[in-house]
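Subject: Structure handover

Hello,

Here is the structure I said I would pass on. My notes on it follow below.

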Amino acid sequence: MYQFFWLLVGDKMFHVEQLEKKKCPICSSEKMSLVFPVKDYMITKEEFNVVSCDQCGFKFTNPIPVESEIGKYYESDVYVSHSNTKKGLKNFIYHLVRNFTLQRKIDLVSRYANGKKLLDIGSGAGYFLNKAKETGFQTLGLEPSEEVREGSMKEFGLDVKDISELHHLKNKSIDAITMWHVLEHVYELNRDAKQMLDVLKDDGVLIVAVPNPDSWDAKFYGDHWGGWDVPRHLYHFREIDIRNLFSKFDAEVVEVKPMQFDPVYVSMLSEQYKGRSVLHAIWFGMLSYFNKNTHGCTSQIYVIKKKSK
Ligand SMILES: [Zn+2]
């Protein structure tokens, strides 16, 4: 079902078409309930509803802008995941922490990959892919933004293609696929989840990192939680949702790992949305971190393998 509304970005007014999901993307149930409206604090200040499936409990943003319009919600230099700006304390820390976490990501991929062919979906500025290439992986990146894609190719000499290339890759040709905070942005969730597993070798590994709406800080901040990031985040996966989604395609989660720095980073965003000092974020981020064993971490990494037949 399509709807229309007007979107104001800076001084520009856009006519945006919306798409309403009638079924849960994971279990296809038609029954869903409103969790709460969440504001796009990052860019447009528009409100979007987060709903929860009555059957399986999966939370997703509904309705969402149609795919051809979503680019407008990324057109901002404050969207730090897709930019290299080092302005401001928050961005400075984000970039510092990224350097620490890159090596941990490479170590995890190296531990599970049985070969060197690595596909990074949503490769962004290319830092992870560059590190993987330096480590000896044969890398391919997929990135929807032409500007970001060309930036990463120019800066690091990487092989990066448009996201549509996913559907032109040879079946069973890839040893490891990584998606660092990307699955929650994918429009055709089931189609692309299946395609990822098709291009993966039978002994390949899929590594997916997503924010966790079951985390301590998600509960604490409620609709101000930085991890909702509507409408860019179309889905809000708990561990059980990741398990349910990939089991539909004969794959299973074999390890779950916390993203160590995300509690403080996401708490910083959440405190900013609440109009409070970032110092609160250090405290509440630490509290969330120390509660990660009971609630799950702010963001989690899922290591997924095909079920052996
Ligand atoms: Zn469901």
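Which residue in E14 is the bridge partner of Ala209? Please keep in mind while looking that this is a predicted model.

The partner of Ala209 is Ile301. That pair belongs to the contact between E11 and strand E14, residues 299–306, where seven bridges join two strands that run antiparallel.

Strand E11 itself covers residues 200–211 and is mostly covered, with nine of its twelve residues buried. E11 is also joined to E10, here by six bridges, and these two strands run parallel. Within that pairing, Thr178 stands opposite Ile207 of E11. To place this in the chain, E10 spans residues 174–180 and helix H4 spans residues 189–199. Together, E10, H4 and E11 form a β-α-β unit, and this unit is right-handed.

Next, some backbone details. As background, most residues other than glycine have a negative phi, and most peptide bonds are trans. The residues below depart from that in one way or the other.

Positive phi:
- His181 has phi near 55°, a positive value, and is not a glycine. His181 lies in the loop that leads from strand E10 to helix H4. Is this residue exposed, buried or partly exposed? His181 counts as partly exposed because its relative accessibility is 26%, and the partly exposed class runs between under 20% for buried and over 50% for exposed.
- Lys45 also is not a glycine and has a positive phi, of about 65°. Its loop lies between strand E3 (32–39) and strand E4 (47–53). Lys45 has a relative accessibility of 47%, so Lys45 too counts as partly exposed.

Cis peptide bonds:
- The bond from Asn62 to Pro63 is cis, and its omega is near -5°. Pro63 sits in the loop between strand E5, residues 59–61, and strand E6, residues 64–65.
- The bond from Val230 to Pro231 is cis as well, with omega near -5°. Pro231 is placed in the loop between helix H5 (216–221) and strand E12 (235–236).

Regards

Conventions:
Residues are numbered from 1 along each chain as its sequence is written. This is a predicted model: local features need pLDDT of at least 70, side-chain atom pairs count only at pLDDT 80 or more; totals for chains, interfaces and linings use all residues. Side-chain values use heavy atoms; hydrogens and water are left out. Helices (H or I, at least four residues) and strands (E, at least two) are DSSP runs, numbered from the N terminus. Buried means under 20% relative accessible area, exposed over 50%, partly exposed in between (1.4 Å probe, protein chains only). Two strands pair if DSSP finds at least two bridges between them. A crossover is right-handed if, with the strands pointing away from the viewer, the path from the first strand over the helix to the second runs clockwise.
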